[in-house]
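I opened this entry to record what I looked up about the overall build, the surface and the aromatic side chains. The notes follow the order in which I searched.

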Amino acid sequence: MGSFDLTVFLRAFRTIMRGLPVTALAAVAAMAAALVLGTLIALVRRSPQAVGKRLLTAYVSFFRGTPLMVQLFLFYFGLPQLFPALSTIGPLGASILVMSLNGSAYVSEAVRSSLASVDPVQMEAALSVGMGKSQAMARIVLPQAFRIAVPPLGNTFIGLIQGTALTFMLGLRDVMGMAKMGAAASYRFFEFYLAVGLVYWLLAAGATWFNRRLEMRLSLGHGGHDGA
Amino acid sequence: MVLEMKGLVKNFGNHRVLDGVDLHLKEGEVVALIGPSGSGKSTMLRCLDFLEQANQGFLEIDDIALDMSQATEREALAVRRKLSMVFQHYGLFANRTVLGNVTEGLLAQKTLSREEAEERGRQLLARVGLAGREESYPNQLSGGQKQRVGIARALALEPKAVLLDEPTSALDPEWVGEVLQVIRSLASEKRSMVIVTHEIAFAREIANRVLFLDEGKIAAQGSPEELLENPKHPRLQAFLTGMLGGVSDRG
């Protein structure tokens, strides 16, 4: 029977926290890019005359249907074999890029279903007061869709935070990377992995709290549909 | 003449909903469209406002003349900016306050500055009896209040004509009166309007002309007196008897 060393545990936190900027940067940057890209994908997939619709359906299916780890490896280790120019992208850039693509697939599904749940008369009313289609989308329909999409988007964000744990395999010094190195150097696996687990848990709890706040803010005043 | 539409045809799949309908509206005129459910009344208004694309038809409104079946998105927008619609189910913007609903079109089109738009919005809300509710959201209003906001929103754009699509059909009976009262006041100040309605008594009261739409065609039209008090058309007689007998539908 081994022992649990509290001082090692506390020291482990200090070591791990040095990886926090990388983890936070990767998760936030990927989420921001995923929001923009995923919304565009949802809009294109909705429009009747879109040519790339099939391609986008395959894209979303691929990124939702394969493990993030496979996507990271395929992009970082695999693709440079075909396109040597890609090898100039560092591990952080590659991680953010792949996680953005991965996140955009989930975001597009969340936005797509929330767009479908906005009453079509909202679009008609916007057109009837003289807006163009994209203006109506931007001013009236999308804001209502985002309000509905906040809970699933929060899940996507938490998924991306946890996804960053895989990026240490590309050699990134994120919190997981720091934990792995600290554990290997000290042989105190339990202390380091428990500490890193708590760090992720706290990050997820923070994201959940932020998400709830956003949900409450957005539903102030107008809860639900404008129905009969 | 505010608008003139000729030969409107609209199909839904193989079903011909409108089969060559003509409509003209003079300055200050109120035209009421009546007819059984499914006769195409609402579809006609929706085609006029290009919320549905017509299969055939020719429209002249103000300085625009166009083939309705060939209209581009830009032309549709130009027509919509000359008209306003009041929807059966209100269609108030759920993400805007009451005042925001009324000013939204003005701000989106950049017709007025925010101050001017809000000034006009407040005046219109006062007109429809909703002063003090500017900062409420649509879901905090009764049906009657919602529809009065819908009317204020339509007026804000100073349209050539207001199209009202069964404005009281979705309302609980207790709210019908207040909405009709607002529409009555619009009629009395000679606003050009086309109103689809099941309220026959109301149509008789405010309309200058009544159109009876039946199976996609205008089966009869005339002044309210000649059409409603002395119906000659057998289908119109049957329709009016049904309505007066209380077999009103709200679809």
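Accessible areas here come from the Shrake-Rupley method with a 1.4 Å probe. On that basis I noted that chain A exposes about 11,800 Å², of which carbon and sulfur atoms supply 69%. I keep in mind throughout that this is a predicted model.

**Entry 1: chain A overall.** I looked up the secondary structure of chain A and found nine helices and zero strands, so that the order of elements from the N terminus reads α-α-α-α-α-α-α-α-α. The C-alpha trace of chain A spans about 70 × 50 × 25 Å along its principal axes, and 42% of its 228 residues count as buried. For contacts in chain A between residues at least 6 apart in sequence, I noted that 75% join residues at least 24 apart.

**Entry 2: a nonpolar patch.** I then searched the surface and found a nonpolar patch of about 490 Å², made by Phe4(A), Leu6(A), Leu10(A), Phe190(A) and Leu194(A). Helices α1 (6–17) and α9 (189–219) of chain A each supply at least two of the patch residues, whereas Phe4(A) lies in the segment before α1. I checked Phe4(A) separately: its relative accessibility is 40%, and it therefore counts as partly exposed.

**Entry 3: aromatic pairs.** How many aromatic pairs does a search of the whole structure find over all chains? I recorded ten. In one of them, Phe9(A) and Phe13(A), the ring centres are 5.1 Å apart and the planes stand at 80°, which is why I list the pair as edge-to-face. Both residues belong to helix α1 of chain A and are four residues apart, about one turn of the helix. Phe9(A) is buried at a relative accessible area of 10%, while Phe13(A), at 22%, counts as partly exposed.

I turned next to chain B, where the rings of Phe212(B) and Phe239(B) have centres 5.5 Å apart and planes at 35°, so I list this pair as tilted. Because Phe212(B) lies in strand β9 (residues 209–214) and Phe239(B) in helix α9 (residues 234–244) of chain B, the pair ties together parts that are 27 residues apart in sequence. Phe212(B) counts as buried at 0% relative accessibility, and Phe239(B) counts as buried at 10%.

Definitions and conventions: Residues numbered from 1 in each chain as written. Chains lettered and ligands numbered in written order. Heavy atoms only, no water. Patch = residues over 30% accessible without salt bridge, like charges linked within 9 Å, V, L, I, M, F, W, Y side chains within 5 Å. Salt bridge = Lys/Arg side-chain N within 4 Å of Asp/Glu carboxyl O. Buried < 20%, exposed > 50% of the residue type's maximum accessible area, 1.4 Å probe, protein only. Phe/Tyr/Trp six-rings, centres within 6.5 Å; stacked < 30°, edge-to-face > 60°. Contact = heavy atoms within 4.5 Å.
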